[in-house]
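Here is a friendly walk through one model, in questions and answers. Have the viewer open and follow along.

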Amino acid sequence: MTKPLANRIALVTGASRGIGYATARALAKAGAHIVAVARTQGGLEELDDEIRKDGGSATLVPLNLTDSDGIARLGAGLHERYGKLDILVGNAGVLGPSSPIGHIELKAFNDVMAVNVSANFQLIRCMEPLLKQSDAGRAVFITSGAANKATAYVSPYAASKAALETLARAWAQETANTKLRVNLFNPGPIRTRMRATLMPGEDPATLDTPEQVAEFIVPMCAPDWTETGKFYDYKMRSLMSFRAPA
């Protein structure tokens with residue numbers, strides 16, 4: 001039986017753990033070849049082992065996404081090797097400081113924006129030509145409820161996710177008349193290292209796992225997914241449209 005994502009190339013950032021790791025595995029099980037990007041070599045190698053056990057394949061790319069030239073080189077390499085990109089999952093993100101705004105250093109703020117916003121901007125710039133070479137390019141960016149709740153004490157993270165959402169929505173509008181579909185995915189509280197850092201007293205057993213979340217991301221990466229500029233809320237199990245504030 002042919003797998004639904006057979007012969008498709010999927011780039012996943014933050015693939016060494018958490019939601020990125022689970023999504024990369026799930027996409028590989030569906031037949032995609034995974035281009036796994038993360039800072040952690042060991043985590044990437046563990047992912048590769050698991051993908052191989054599942055009968056899939058992956059290319060490992062140890063890369064700090066603040067290296068914008070590195071992202072450009074990755075785009076050039078994908079063009080040379082495959083001539084296209086079918087799936088982009090922009091998952092990599094950092095929480096940053098948890099503190100009142102007045103106590104946060106400018107460098108700490110900029111570091112969060114560099115990973116959560118600027119890196120995704122560079123990914124869009126460098127991967128758009130490849131995604132447009134696909135017969136059904138799909139991009140999914142992982143966001144957070146903090147973006148619209150303007151959550152106190154994690155202002156750099158909340159601001160970065162709000163910026164990411166606007167960036168992705170603008171890109172969706174720019175590409176609405178192409179075969180490329182661009183959407184956002186909000187997982188909510190999930191059993192990840194980032195969540196444990198933010199909420200150390202929380203029982204992780206009360207939270208869904210990254211593997212459960214990945215099951216809902218994979219369909220958004222498939223050729224038969226037609227929506228663009230939308231927001232999938234995992235907790236609500238609902239695909240939502242954005243609207244202007246009341």
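Q: Which residue of β6 stands opposite R138?
A: This is a predicted model, in which local features need pLDDT of at least 70, side-chain atom pairs count only at pLDDT 80 or more, and totals for chains, interfaces and linings use all residues. Residues are numbered from 1 along each chain as its sequence is written, and side-chain values use heavy atoms, with hydrogens and water left out. Strands (E, at least two residues) and helices (H or I, at least four) are DSSP runs numbered from the N terminus. In β6, the residue opposite R138 is R181.

Q: How many bridges join β5 to β6?
A: Two strands pair if DSSP finds at least two bridges between them. Strand β5 covers residues 138-142 and runs parallel to β6. The number of bridges joining β5 to β6 is five.

Q: How many of the residues of β6 are buried?
A: Buried means under 20% relative accessible area, exposed over 50%, and partly exposed in between, with a 1.4 Å probe and protein chains only. From β6, R181, N183 and F185 point one way, while V182, L184 and N186 point the other way, and all are buried. Strand β6 (residues 181-186) is thus mostly covered, and the count of its buried residues is six of six.

Q: Which strands stand at the edges of the sheet?
A: The open sheet has eight strands in the order β3-β2-β1-β4-β5-β6-β7-β8, with mixed pairing. Each edge strand has a single partner, so one side of it is left without a neighbour in the sheet; these strands are β3 (58-62) and β8 (238-241).

Q: What angle does the direction of helix α8 make with that of β6?
A: Axes are lines fitted to C-alpha atoms, for helices over the stretch in contact, and angles run from 0 to 180 degrees between N-to-C directions. Contact means heavy atoms within 4.5 Å. Helix α8 (residues 210-217) packs on the sheet and touches β5, β6 and β7. Its direction makes with that of β6 an angle of about 155°.

Q: At roughly what angle do the axes of α4 and α6 cross?
A: Two packed helices are described by the angle between their axes and the distance between the axes. Helix α4 (residues 106-133) and helix α6 (residues 155-174) have axes that come within 8 Å, and the crossing angle is roughly 15°. That makes α4 roughly parallel to α6, where angles under 35 degrees count as roughly parallel, over 145 as roughly antiparallel, 65 to 115 as roughly perpendicular and the rest as oblique.

Q: How many nonpolar residues does the contact of α4 with α6 have?
A: The contact includes F109, V117 and F121 of α4 and Y157, L164 and W171 of α6. Ala, Val, Leu, Ile, Met, Phe, Trp, Tyr, Cys and Pro count as nonpolar, Asp, Glu, Lys and Arg as charged, and the others, Gly among them, as polar. Alongside three polar and one charged residues, the number of nonpolar ones is 13.

Q: What is the relative accessible area of V117?
A: V117 has its place in helix α4. Not counting residues up to four places away in sequence, V117 touches V112, S160, A163 and L167. V117 is buried, with a relative accessible area of 14%.
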